[in-house]
Amino acid sequence: MSLVTIILPAYNAEKTIARAIQSARCQEYSDLEIIVIDDGSSDSTLNICNALADKDNRLKIWHINNSGPGAARNYGLSQAKGEFICFMDADDEMSPTMISQLVSNMQDDTDLVACGYKVRSNNGDYAFEQKLDDKSYPNNRLYEFIENLQEAKAFNPLWNKIFRRSIINDNNIKMDTTVDMGEDYLFVVDYCAHTTLSLKTIDKILYCYHLSPNGLQVTANKDENYIRRISQLNRLRKLFEYKNYPLDSLNSEYMRVTYTSLIEDIETNNIITYIQQTKYLKTVLSPSRQKSFKYKVFAFALSTNNSFVIKTLTGIFLAAKRKKFKW
C-alpha cells in the first residue's frame, strides 16, 4: 500500500477538531499519516489533538505561531512523507471510504483525482451536494477536466482531491501566503500546470464540508474581493494561453465570478467601475460569449454600462436566487 498523508490545519477548532480527526482515523484505508498543524490556537485545540495522538501513532501534531491556513498547510507539506497528499479542514468530515477510493483511482497513469462533496448547513442539515461524473481525461484535455470541475464548483477546494507529492516537491508548489483568500485555488492551478498524466473525476460523494457562520468564506464575501478573484482567474488564463487551450470555459468562469461577486458584494459601484475600465473583461463578459439565458441577460445589462440597470437586475437575480428560481 502507498502511504497517504492527510494535512489538516486547525485554528481555535476545539468544537470540531476531534470529529475531523476521527473521520481521518476511521478511514478504510489504513496506511496513513495524519498531520495536524495547530496554527497558534488560543483554545484547547492543541490539547485535544495531543490526547488523540496518544491513541494513534499515525497522528502527528505540530504547533506553530499563528500564520494562517496557507502557511500551516505549507508546514504540513514540509513534514509529509506520503506518496500521495490529501487535505481537509478542521470542521469537516471524510467518508470512511474516501482515501481508499481516491487511491484506487490514482493509477500509474493518473496525476490527480477529484470526488464530489456535500455541504452541511449551520443547523446540521445538508444544504446541497456536488456530484461529478466518473470520467478520465487525457492530459491534453486538461481544460475539459478544469471546465467540468468549475461547472460543479469542485475545482477550487483542496479537500476533494488527491495529489502526488512528487509533483508538489519537484516543482516547489506551495500555498501562496501573500493572499488572504484563494491560496487553495492557486495551488490547484499550479499543480494542474505541472501534470503530465491523466486526470480523473469519480462519481462518489466522499467529503462533507461544514458551513461556518464565522468562517473565512462567509466574512470575505462581505468585503471587496472581485479584483482578487479576477486576478487569480487570470493565473488560470495564462495556463490556458500557454497550452493553447480554448478559452470558452474560462469565459464562463469570468461571468460566474462577476455574477456571484455582484450578488454578494456591497461595493457594487467599485465592481462596475473595474469592469468598465478593464478592456478584456468587457470582451469576455459580452452577451455573445455566454451560453445560458441567465448570463446572456446579465451580460447585456453589463454592456449597457448603466449602473442603475446593473444594480436593478442584480437585485432581481438575488431575489430569484433566494426563491431558488431555476433558470
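**Notes on the aromatic pairs and the overall fold**

1. Let's start with the rings: the count here comes to 18 aromatic pairs. Keep in mind that this is a predicted model.

2. Take phenylalanine 87 and phenylalanine 163. Their ring centres sit 5.8 Å apart with the planes at 75 degrees, and because an angle over 60 degrees counts as edge-to-face, that is what this pair is. Phenylalanine 87 belongs to strand β4 (residues 84-87) and phenylalanine 163 to strand β9 (residues 161-164), so the pair ties together parts that are 76 residues apart in sequence. Is this pair buried or exposed? Both phenylalanine 87 and phenylalanine 163 are buried.

3. The second pair is tyrosine 226 with tyrosine 274. Here the ring centres are 6.0 Å apart and the planes stand at 85 degrees, so this one is edge-to-face.

4. Tyrosine 274 has 23% relative accessibility, so it counts as partly exposed; the cut-off for buried is under 20%.

5. Back to the phenylalanines for a moment. Phe87 and Phe163 are part of a cluster, with ring pairs linking them to Phe187 and Tyr191.

6. Now zoom out to the whole chain. The protein has 14 helices and 10 strands. Its radius of gyration is 20 Å, close to the 20 Å that the globule rule gives for 327 residues, so the protein is as compact as a globular protein of that length. Along the principal axes, the C-alpha atoms fill a box of roughly 65 × 45 × 35 Å.

7. What about burial and contacts? Of the 327 residues, 51% count as buried. Among contacts with a separation of 6 or more, 77% come from residues 24 or more positions apart.

8. Last, the surface and the charges. The protein exposes about 15,500 Å², and carbon and sulfur atoms supply 49% of that. There are 40 positive and 39 negative side chains, and the centres of the two sets lie 6 Å apart.

Definitions and conventions
Residues numbered from 1 in each chain as written. Predicted model: local features only at pLDDT ≥ 70, side-chain atom pairs only at ≥ 80, totals over all residues. Heavy atoms only, no water. Helix = DSSP H or I, 4+ residues; strand = E, 2+ residues; numbered from the N terminus. Rg over C-alpha atoms; globule rule 2.2 N^0.38 Å. Buried < 20%, exposed > 50% of the residue type's maximum accessible area, 1.4 Å probe, protein only. Contact = heavy atoms within 4.5 Å. Areas by Shrake-Rupley, 256 points an atom, 1.4 Å probe, with all protein chains shown as cover. Lys, Arg positive; Asp, Glu negative; His and termini not counted. Charge placed at Lys NZ, Arg CZ, Asp CG, Glu CD. Phe/Tyr/Trp six-rings, centres within 6.5 Å; stacked < 30°, edge-to-face > 60°.
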